[in-house]
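Here's a quick tour of a protein model, going from a helix to surface patches and then to charge pairs. Have a look at the structure first, and then read on.

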Amino acid sequence: MDVEELAARMSQALELGTWREAVRLLHGLHPADVADLMGHLSPAQRRGLFSPRDPEGASEVILHLDKETRKSILSQLTRDRLSALIEEMATDDAADVVAELPPEEVKEVLQEIARLDRQESEAIEELLRYAPESAGGLMEPEVLALRSEATAGQALAELRRRRELEDVHNLFVIDAEGRPVGMVPLQRLVTADPGQSVASLMEPLPAVARVDMDQEEVAHLFKKYDLVSLPVVDERGRLVGRITVDDVMEVVEAEATEDFLRLGGLGKEERVSTPPLRSAWLRLPWLVVNLATAFLAAAVVSAFQRSISRVVALAVFMPVVAGMGGNAGTQTLTVIVRGLALGEITLGRAKRALLKELLVGLVNGAILGAITAGVAYLWQGNPWLGLVIGVAMVVNMLVAGFFGAIIPLALKLLGADPALSSSIFLTTFTDVCGFLAFLGFGTMLMDRLM
């Protein structure tokens, strides 16, 4: 049964008040599937169905919900139920959820969690000190650290004692100051002789992350070194936590989604489920900017009204020049933004990337310009019109390559997100330069075009 069919049956059961049937439909579902189901129900149905009487199961479902649905559900829970639910989560997940609560509720919830588990409350409060998109905000403070003089048998005994630890792939080795100096893969530890020293099993650490490292850089380290876990250190280099690959998968998705949305001038919090008025408000600012830039392009066209009135064919081919420039620029923009996001392009290598995109623009402009010139000649029977549009195409493809590369690079240099509404700025340059080149050349050769 797919999610939509299940949601339809669930809605029917809830409307008829047959709660037993509604609960039966949930039986055996994975928490991620329950979260998907919640997304197909109305807020009232979600509130009626979701009950944290099973805090452990409910906490797993909460973590799979999108932020808006999670916020809607959590806002309906009593303080003690909310605290019991959060207390069941891993510390890093609990900190993420608490950080999403209204500021006035955070203190009260932490006090309630402290009543249940003071150590958990203090650990959550410690994580809240770090920026949410940093290694500190991403890490799990629960970590098993070994001394190099310990034996494999002692390490395994300690691991059995620390049963709360999940997703243990590597155990980190620390020196007398608490700084990580190596790691021992769990498989190697389990298969070793119990009397063998940890020092003899230890491998060098490929990388460590400081608590203030940006989560995007953390993701790069996981990709570069093919990691499953990464130690996190404080300002003094002491081990304070670990990041596991499942946390990084969420970062990769979040960063990719953010870049994709920002390319179009959208807020990173907008989703399909966002209410229409909220979506309209989120999109409006950059649309206003786009409107202003559109008037700039219109002003360029207005300056050549007389030329257009004398040779109407100029108006026919204007969208071709502007459209091809915009599409070519978007291709360049996508490559550069992706390269910056993955660390393939640094500001030191920016010159090479820019020159490459200019060359690509020149080659594609020459080919497409020749094709367009031929079509214009066959269609209008005027070789000079073909020459004008062909040259304008080459110019605009160069403009597209240049600005498609320079805009995200400039944003990166200024410390802004390279994807931040780059497409809106790019379209402005390709439209303005495309119209200016095409109509300018057309005006210069007006006698030949008539």
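Just past helix 21, G415 has a positive phi of about 85°.

A word on the source: this is a predicted model, with local features needing pLDDT of at least 70 and side-chain atom pairs 80 or more, while totals for chains, interfaces and linings use all residues. Residues count from 1 along each chain as its sequence is written, and side-chain values use heavy atoms, leaving out hydrogens and water.

Now the surface. Patches take residues with over 30% relative accessible area and no salt bridge, joining like charges within 9 Å and nonpolar side chains (Val, Leu, Ile, Met, Phe, Trp, Tyr) within 5 Å. Areas are Shrake-Rupley with a 1.4 Å probe, and for residues only the protein chains shown count as cover.

| Patch | Members | Top contributor |
|---|---|---|
| Negative | E60, D96, E166, D167, D246, E250, E253 | helix 16 (residues 245-263), 3 residues |
| Nonpolar | V316, L359, L362, V363, I367, I371, V375, W379 | helix 20 (residues 350-380), 7 residues |

The nonpolar patch has about 740 Å² of accessible area together. In the negative one, Asp and Glu count as negative, and a charge is placed at CG of Asp or CD of Glu. E166 sits in the loop between helix 12 (152-161) and strand 2 (170-174).

How many salt bridges (Lys or Arg side-chain nitrogen within 4 Å of an Asp or Glu carboxyl oxygen) does the whole structure hold? A search finds 10. One of them pairs E100 with R70 at 2.7 Å, N to O.

Conventions. Helices (H or I, at least four residues) and strands (E, at least two) are DSSP runs, numbered from the N terminus.
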